[in-house]
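Morning, everyone. Let me put the structure up, and then we'll walk through a few of its contacts.

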Amino acid sequence: MVTNSPVELVPHDPQWPQAFQRIRDRLLALLPQALSIDHIGSTSIPGMTAKPLIDIDIVLPGLGHIEGATRVLLAEGYEPRGNRYDDEVWAFLSKGSVPAERVYLCPAGNGTHRNRLAFRDYLIAHPQAAAAYTALKRRLAAEFRMDGDRYTAHKREFVDAIVVRALTGDA
């Protein structure tokens, strides 16, 4: 979908890990049933060019916890973004915070969550793969500047290949 807001990439901000910790602490107080609250996405990878947006997965004990957690996030001003990835992942956006936050609710054992952690950890451990991902993102941001969906879709093949490498232990 063509949007009115451009795909914005910025250099890595050394404050992102501290911002995540602050957000994590607040979310854990709001959702004490969370099994884990994980920093995912490009802002979680040291040195990575990224959208100025902290992506966070909140893993809950099961699907039965999603509705209550959704109510809490809505009461805190998060905007619902729907069920994503056909994998029981519910997205929420907080535009008013700095940096912006995108939070995902996932039940325990969720495949999307597992893949995100594998991708993040692989890029942290393999700087050459991280550099290739940065180059791809820059190219796609220029090509699809006003189309965030196509920007994301065109990263899919690279991301999927890295996840396979990470999950199979292929360096």
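Let's start with the aromatic rings. A search of the whole structure turns up 2 aromatic pairs. Bear in mind that this is a predicted model.

Here is one of the pairs. Where do the two residues sit? Phe-119 is in helix H3, residues 111–125. Tyr-133 is in helix H4, residues 127–143. They are 14 residues apart, and the pair links distant parts of the chain. Are they buried or exposed? Phe-119 is buried, and Tyr-133 is buried too.

Now the other pair. Tyr-133 also pairs with Phe-158, and this one is stacked. Here the distance is 5.3 Å centre to centre, and the planes are 15° apart. Tyr-133 belongs to H4, while Phe-158 belongs to helix H6, residues 156–168, so the pair ties together parts 25 residues apart in sequence.

Phe-119, Tyr-133 and Phe-158 make one aromatic cluster. As for Tyr-133, its relative accessible area is 4%; that is under 20%, so Tyr-133 counts as buried.

Next, the helices themselves. How do H3 and H4 pack? Their angle is about 110°, and their axes are 5 Å apart. The angle falls between 65 and 115 degrees, so H3 is roughly perpendicular to H4. Which residues make the contact? From H3, we have Phe-119, Tyr-122, Leu-123 and Ala-125. From H4, we have Pro-127, Ala-129, Ala-130 and Tyr-133. So what kind of residues are these? The contact of H3 with H4 has 8 nonpolar residues, no polar ones and no charged ones.

The charged end of Arg-116 sits over the ring of Tyr-104. The distance to the ring centre is 3.9 Å.

Last stop: Pro-99. Where is it? Pro-99 lies in the loop between strand E4, residues 89–94, and strand E5, residues 100–107. The relative accessible area of Pro-99 is 15%, under the 20% limit, so Pro-99 is buried. What does Pro-99 touch? Leaving out residues up to four places away in sequence, Pro-99 touches Trp-16, Ala-19, Arg-22, Pro-52 and Ile-54. Now compare a position in the other region. Pro-99 and Leu-136 are 37 residues apart along the chain, and their C-alpha atoms are separated by 23 Å.

Notes: Residues are numbered from 1 along each chain as its sequence is written. This is a predicted model: local features need pLDDT of at least 70, side-chain atom pairs count only at pLDDT 80 or more; totals for chains, interfaces and linings use all residues. Side-chain values use heavy atoms; hydrogens and water are left out. Rings of Phe, Tyr and Trp (its six-membered ring) pair if their centres lie within 6.5 Å; planes under 30 degrees apart count as stacked, over 60 as edge-to-face and the rest as tilted. Helices (H or I, at least four residues) and strands (E, at least two) are DSSP runs, numbered from the N terminus. Buried means under 20% relative accessible area, exposed over 50%, partly exposed in between (1.4 Å probe, protein chains only). A charge sits over a ring if NZ of Lys or CZ of Arg is within 6 Å of the ring centre and within 35 degrees of the ring normal. Axes are lines fitted to C-alpha atoms, for helices over the stretch in contact, and angles run from 0 to 180 degrees between N-to-C directions. Angles under 35 degrees count as roughly parallel, over 145 as roughly antiparallel, 65 to 115 as roughly perpendicular and the rest as oblique. Contact means heavy atoms within 4.5 Å. Ala, Val, Leu, Ile, Met, Phe, Trp, Tyr, Cys and Pro count as nonpolar, Asp, Glu, Lys and Arg as charged, and the others, Gly among them, as polar.
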